Amino acid sequence: MRLALAAVLAALALGLPLWIAAVGSVSSEAALFEGVTLWPREPTLAHYRALFAERAFWEPLRHSLVVAASTTVLCLLLGSACAWSFARLRFRGKAFWLGALLAVGMFPQISLVAPLYLGLRALGWIDSYPALVLPYLTFAMPLAVWLLAGFFRELPVELEEAAWIDGAGRLRAFREVVLPLAAPALVATAIVTFLFCWNEFLFALSFTLERQTVPVAVALFRGQYRVPWGEILAASLVATLPVMALVLAVQRRMVRGLTAGAVKG
Amino acid sequence: MSPGARSEGRLAALLGLPVALCVLAVAVLPMLWTVWESLHRHDLRLPWLGRPRVGLANYAEALAEARFWDALAHTLFFVLASVGLEMVLGLLLALLLHRAFRGRAALRTLALLPWAIPTVVAALVWRFLFEGAPAPGGVPWLADATLAWVPVVLADVWKTTPFVALLLLAGLQSMDEALLEAARVDGATAWRSFLHVTLPLLRPALLVALVFRTLDAFRVFDLVVVLTGGGPGTATEPLALYTFGALLQELRFGYGAALSVIAFGVGFALALAYVRLVGRR
Amino acid sequence: MAELRLEGLAKEHPGGVVALRELDLQVRDGELVVLVGPSGCGKTTALRLVAGLEAPSRGRVRIDGRDVTDLPPRERDVAMVFQSYALYPHKSVRENLGFGLRMRGTPRPEIARRVEEVARTLGLAALLERRPAQLSGGQRQRVALGRAIVREPKAFLLDEPLSNLDARLRAEMRAELARLHRRLGATMLYVTHDQEEALTLGDRVVVLRDGAVQQAGPPLELYERPANVFVAGFLGAPAMNLLPGASGLALDLPSTRPPEPVIGVRPGDVALVAPGTGHADARVEVVEVLGHATLVHLRLAGSGAALRALVTGAGSLAPAIGETAGVRLATERLHFFDPRDGRRLELSGPTGG
């Protein structure tokens, strides 16, 4: 009984804010003004229509998608190669390099905003996709390498050795044996990377003007007289939907992949 | 070293090269530039001043600036309050998710949502809850220098407690149930076996969660920007926001660089602690 | 098939741990040589050096005269059966079997033909579409073997291939391996820690310990004339009794240099007789009934040395625990070893009593 009560409380605490926001996004402006409700009083899709018709919300969605997707692909390509060498190869200073890479993931991004801004400006890259992809790649890489290396280490090395003896080169064995077996870890890593890119704010705010990503666009919504809460909530929901879909699709793997490296080392 | 080892070293260098180049270009070199810049006066609004070398003047200015100390204090307060709450609530949620009950899988999925959504969205949702409609309790939360912290910390706790819980849950699940059963056979109460068996075994996971969250909370930016804008006034302004303002609004790059270096120094010390803690396992 | 030659092959790991010191070995075309020894003796290292999975610190590996020491595994044309089988879990049995051929660019119809053929030989024809996870231990073992056979490599390297099977299946597969070896005429280097496997399978057996060869030769030769105490104690089950000196046995030892030799006698060469009529009297401590025979653990009356006797045949003396019995050793089958270095001593003209 106490268990059930705790579970219900936890579910409410976790879910209620999002539910209220969702209700708000389909409530009329007038209803919103009167107060927070648990059920839409004058249900309307006006905010969503306004979002796409007047604010061209497609644009930031597209930019976010391009940036997040290309970063994710690059991150998996480069990250899995790097993670494999951490997991399998013997070389000097391995612990140091892995530690250094992890430390980069913990860097305060604010310390890099100014030099990156100046550098990107000098290259004429402000407001371009690489302006976001490069920093995102760098900051997503440590976690990706950590997760993948943890997984690769758990794959029996004999499988690769068997492939070498069967006549595969290292690269071929990696492609034919390691990658297919690492699919769950690759999926989890892809999602973590995608989420990081989809959610990032500081760099996106600093390095874009027109090509705003979703978080920047939503944060900068302004109304003429007052805060346009209906549209903000609608945009929030739209920004959340892809994330929600991803999480629901693979949530079981997600939990495992996320915590694999962290606890088992 | 054997020839095999040498060729493995070469292959590792080759495979790691792209990552190393990224890190070099995006993190290491910019950071060095920031250190160099912090020793100069460089004000983009006053371009005719050029970029004279001023030694540690920027640091001296920061240390003499009350707003800097306020920002640092805000950041540390935020870290303490939110990470403290997250650890306690995260542990409770993890213990709950570790028990078997109907709907556990659904609750776990639900817990993933706050963690997965953009921080900006989380901040907007909580701002709406506190300000969008008539304020709860009739209190103007966001207009009060002290009360404004409530939605800020709550939003962060709501968004990141699930992450802590999932980390700890993995720790709980890798734990040997036989130990708890042994404790029960030995006559320990649930509370005592939690205190003397579960908690010590959970220590590594707790440490990882703690340091991970501390470092992340130290960088807090988007949450505050969207929820309070650092206000009212500068009452909730964290270090990252103060630095951001000096850099990209006031365009005082030298001074902003000094602030960046200070933020980096604190962050680096925390990161070192993190690597050492993780590396020791 | 081909001849395999290891010349002074040695492996030291960084940090000075010696895994294998100076192994010289020739595996003739079509021969099955077994490397046997306790875990950590270097036998698996030797196999991995031949396969090219590790680089030797010194020495060369030749296959059919060609020096392959510096070639990667895939250019050596050897096949390996791993202890864990190392079947590709995401590929079907058919794909597992055909992988090596595909990597070598064999045409598809040819792959299909050879896979089918090997599957028929090993009784895997009905399982071709299954994944390894859907197979029993014995079936996995067969797939691992098949994956090696299908390639028709120059030599087979087998790393404890039977150690993951239960006792009954192991005996079955052992016989099947022997048959396969004979039929294929394959050159095989076989690693095991199981002395019984070594004795039953090997054309020749090499006993390794701490990275060094103790003795090499045909199984019977090793069994009957072990070169030192280690080989004597390692080969044969139940293990040979090794007595420090006469141990109170009324044996007429040939005169030797001052230290008394270590006396080795296999439990089967110890007979139980009426008290007072053998070489010594002993107290019965444990009796293990093995079915076809009974193993009796004894303690010699005078010296307190332990001795085991294997009593075979129905109606043989089956003493009870605590009783005293006489022991008689088959004196013409005693082994003698130098107590200082454990080496075999050829002492002629023993003993009566």
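## Briefing: sheet, core and interfaces of a predicted model

A79(C) stands opposite F156(C) in β7(C), where strands, like helices, are DSSP runs numbered from the N terminus (E and at least two residues for strands, H or I and at least four residues for helices). The structure is a predicted model, in which local features need pLDDT of at least 70 and side-chain atom pairs count only at pLDDT 80 or more, while totals for chains, interfaces and linings use all residues. Residues are numbered from 1 along each chain as its sequence is written, and chains are lettered from A, with ligands numbered from 1, in the order in which they are written.

**The sheet of chain C**

- Four bridges join β6(C) to β7(C), residues 155-159, and these two strands run parallel; strands are taken to pair if DSSP finds at least two bridges between them.
- Six strands of chain C form an open sheet with mixed pairing, in the order β6-β7-β8-β3-β9-β10.
- Because β6 and β10 (212-217) of chain C stand at the edges with a single partner strand each, one side of each has no neighbour in the sheet.
- From one strand to the next the twist averages 15°, with axes fitted as lines to C-alpha atoms and angles running from 0 to 180 degrees between N-to-C directions.

**The nonpolar core**

- The largest nonpolar core has 268 residues, and those with the most contacts inside it are L168(B), V50(C), L157(C) and L189(C).
- Such a core is a set of buried Ala, Val, Leu, Ile, Met, Phe, Trp, Tyr and Cys residues joined through C-beta atoms within 7 Å, buried meaning that 20 or more other C-beta atoms lie within 10 Å of a residue's own, with C-beta atoms placed from the backbone.
- Leaving aside residues up to four places away in sequence, L157(C) touches L47(C), V50(C), A51(C), V78(C), A79(C), M80(C) and L189(C).

**Interfaces of chain A**

- In chain A, 78 residues are in contact with 78 residues of chain B, contact meaning that the C-beta atoms of two residues, placed from the backbone, lie within 7 Å.
- Helix α13 (residues 229-264) of chain A supplies the largest share of the side of chain A that touches chain B, 18 residues.
- Between chains C and A, 18 residues of chain C are in contact with 15 residues of chain A.
- On the side of chain C that touches chain A, β6 (78-81) and α2 (93-103) of chain C each supply at least two residues.

**Confidence in chain A**

- The mean pLDDT (the predictor's confidence in each residue, from 0 to 100) of chain A is 86, and 93% of its residues reach 70 or more.
- Over residues 260-265 of chain A, the pLDDT is below 50.

Conventions
Buried ≥ 20, exposed ≤ 12 C-beta atoms within 10 Å, placed from the backbone.
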